[in-house]
Amino acid sequence: MSTPLNQVDDPIKDPPTKGKKSGIGLGQYILIRALLIIPTLLILVTLVFFLMRVIGDPITASMGGRLTPAQLHERIHAAGYDRPILVQYFEYMGQLLQGNFGTTISDNQKVTTVLTTYGSATLELVIYSVIVALIVGIPLGMLAAYCRDRWPDAVLRIAAILFYATPVFFAGLLLKLIFSIWLGWLPVSGRANTQDQLILQGVQHPTRIYLIDALRIGDWSAVGDVLQHAILPAIALGFLTAGVFLRLVRTNLIGTLGQDFVESGRSRGVGEFRLVTRHAFRPALGPIITVMGMQIAMMLGGAILTETTFGWEGLGYMISQYLKARDFVAVQGIVVILAVIVAVTNFIVDVIAALIDPRVRY
């Protein structure tokens, strides 16, 4: 006896991928992905090291013209940059294994100090931007799939192209011009106003993520100020990825909506909105999570322009300052740590994708 359509709460069976056995177990997959991080980082660190040495030794690049030849020679010898390049390479790799990224030439700071001081600011900006990208990109992608081949779909597809094609620095300058200078609604630059910045820098055991530090001390005025300063940089950087998510969600959802299990639900009277938001979305989510890892890498690259545009003192801002000073020891250290972050992020994203969709383990 068949069940009446109006009495069926959920007439669609789970997508065919759910519960399907994979080629390898999850533990083995995680182990392989973790081991792949090692050669990836080794190749990248090696490339960065030798590319930085193409221009010559870092001290001549940074201090040449400002020191006498004798002073220059003395500093090069003291730093060991007059030794064979392979000796320097293996010594550098040994130092990296001990967590020593070297000392900056222009301001004589430990690179690890630069990383811990400014890395939190970049992390905070990327988190805000990912939130913006998810909030904007996924619902609009679902709406575009729901309205496929109608005018809202066409508008959203054009919007996705504009989001993705607009350079981050241009979007940042445009946002500053409209919302900071013309309307005066939001701050022009920085992570907080001067007073709140002094308060947050005086917090004991700070995370240096201003929002968390402000919440920890219960200063709601500082919380509001920090969020106001974050809105424009997060939108400038987040919309870049939102455009990618929008297109990806739309494409994957439309593909999933054509599968048999969705057609089965459609034939049983399930509404199109419910099919999009409930039944087709999860199978379409796997590729989106995979791409998310790569987009976070792009965000770190875009953070350099965003932080410079908004005076947001993170690693992106600092790397631009060190490039101006030709301090390639600092640049090398920051690039290496960014590579580590990208590799670990992609690893985490791959594991999440494997948990959601076992097919990725094949």
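I take helices (H or I, at least four residues) as DSSP runs numbered from the N terminus. This is a predicted model, and I kept to pLDDT of at least 70 for local features and 80 or more for side-chain atom pairs, while totals for chains, interfaces and linings use all residues. Residues are numbered from 1 along each chain as its sequence is written, and side-chain values use heavy atoms, without hydrogens and water.

**Helix 14 and what follows**
I looked just past helix 14 and found arginine 326 with a positive phi of about 55°. Within helix 14 (residues 315-324), I noted Leu315, Gly316, Met318, Ile319, Ser320 and Tyr322 as buried (under 20% relative accessible area, 1.4 Å probe, protein chains only).

Residues 125-146 are 100% helix, with end C-alpha atoms 32 Å apart. Residues 328-356 are also 100% helix, and their end C-alpha atoms lie 42 Å apart.

**Largest pocket**
I used a 1 Å grid over the protein atoms alone, a pocket being an open set of points where a 1.4 Å probe fits, with protein on both sides within 12 Å along at least five of seven lines; lining residues have an atom within 4 Å of a point. The largest pocket holds about 460 Å³, the space filled by probe spheres set on the points. Its lining has 24 residues, with Ala79, Tyr81, Gly102, Thr103 and Val329 nearest the centre. Helices 1, 2, 3, 4 and 15 each give two or more residues to that lining, and helix 4 gives the largest share, four.

Terms used
Buried means under 20% relative accessible area, exposed over 50%, partly exposed in between (1.4 Å probe, protein chains only).
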